[in-house]
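Colleague: I would like a close look at one part of this model, the pairing of charged side chains. Please set it in the context of the chain as you go.

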Amino acid sequence: MDLDAAVSELYSLAPDAFLHARRDLAARAKAAKDTGLAKAIESVRKPTAAAWAVNQVVRGRPSDIERLLELAEALQGAQESMDGAALKRFGRERSTLVDALVRTTGEVVDDAGGSLSAAVAAQVRDTFVAALATSPAAEAVASGHLTRALSYAGFGEVDLSEATAAPAPARRPALRVIAGGGGKDTPRRGAAVAPESVPEKPPRPDPALVKRLQVAAKRSRETMSAAAKAGDALSEATEALTSLDEQIGDLDARLIEARSGRDVLVTARRDAAAANKAAERTLRAALAEVDQIRAQLPDDPEDDG
């Protein structure tokens, strides 16, 4: 297992499984005595909700991401050649593709058992717009390792700082030592040969600098781990805040509906109260009329018996 494989595995999981899986992978690396890999895995940040959704599109709908890359390349070519007609045509295609990608993202998230809120959908849209703005942003999205949503101001470059998970360490090319040997430059027998120079030994590094390097490297690893934890906390807080905002929105809508229903009931009660008073007046008048009529009637003899 290397860092790229670990990141790919982590970023394919559901958000609520990320932290447990990261601890498990780091523990496996430590058990294999690969402490460097374990530290690197521990520093991998949990993606935000929007980044996770886009990453799932990269994995589940690669053909759609291929369309995005092709259009990003075409837009860049049109910009470099200052082809106004092409820019206008590709601009229309960009709007259509972004709309389609946002719908696709919603479908992919639904298939994964989740849902795409309005706030997250807006961040997903911004990310795809940014991906079509510059080649580095398109490559970041296509990596499937986004840690956060992207945005584009309409000019300049897209900010990609900490936008993707830490890549595997780059390999430096091995140094080649070219030794002298035969060939055309081999001196003829009997010819004078210059004394071979003895290579100087490289100076030994300053022990104090080596110690400082070790301390700085340790501090860097600790800082990366702390930054990852802080990023996780930020991600969880952002998701919780988004969820709470959605709940507040739902409650506001229910409150408006309840107030509207209350207004209807208040009006109905007022009308009912007025009708009740009118009915009481009518009843009193009817009873009074009955009493008047009875008073005008002669007494019933049977009542006297």
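How many salt bridges does a search of the whole structure find? Take me through some of them, and say where each partner lies.

Modeller: This is a predicted model. The search of the whole structure returns 6 salt bridges. Some background comes before the pairs.

The chain has 305 residues. Its elements are 10 helices and 0 strands. Read from the N terminus, the order is α-α-α-α-α-α-α-α-α-α. Of the residues, 25% count as buried. The accessible surface is about 21,500 Å², and carbon and sulfur atoms hold 55% of that. Take the contacts between residues at least 6 apart in sequence: 63% of them join residues at least 24 apart.

Now the charges. Side chains of opposite charge can pair when their charged atoms come close. Start with Glu42 and Lys30. They form a salt bridge, with the closest N and O atoms 2.9 Å apart. Glu42 belongs to helix H3, residues 35-42, and Lys30 to helix H2, residues 18-31, so the bridge ties together parts that are 12 residues apart in sequence. Lys30 is partly exposed, since its relative accessibility is 46%.

An α-helix has 3.6 residues a turn, so residues three or four places apart point the same way.

Next come Arg125 and Asp99. Their side chains meet in a salt bridge at 2.7 Å, N to O. Arg125 sits in helix H7 (residues 118-131) and Asp99 in helix H6 (residues 84-111), so this pair links parts that are 26 residues apart in sequence. Arg125 has a relative accessible area of 33%, so it is partly exposed. Asp99 is at 32% relative accessibility and therefore also counts as partly exposed.

Thr105 is placed in H6. Its relative accessibility is 0%, so Thr105 counts as buried. Set aside its neighbours within four places in sequence. Thr105 is then in contact with Ala53, Val57, Leu116, Val124 and Phe128.

Asp159 is partly exposed, with a relative accessibility of 48%.

The charged end of Arg89 sits over the ring of Phe90, 4.7 Å from the ring centre. As for rings with rings, the count is 1 aromatic pair.

Arg125 with Asp99 links H7 and H6.

Definitions and conventions
Residues numbered from 1 in each chain as written. Predicted model: local features only at pLDDT ≥ 70, side-chain atom pairs only at ≥ 80, totals over all residues. Heavy atoms only, no water. Phe/Tyr/Trp six-rings, centres within 6.5 Å; stacked < 30°, edge-to-face > 60°. Lys NZ or Arg CZ within 6 Å of the ring centre and 35° of its normal. Helix = DSSP H or I, 4+ residues; strand = E, 2+ residues; numbered from the N terminus. Buried < 20%, exposed > 50% of the residue type's maximum accessible area, 1.4 Å probe, protein only. Contact = heavy atoms within 4.5 Å. Areas by Shrake-Rupley, 256 points an atom, 1.4 Å probe, with all protein chains shown as cover. Salt bridge = Lys/Arg side-chain N within 4 Å of Asp/Glu carboxyl O.
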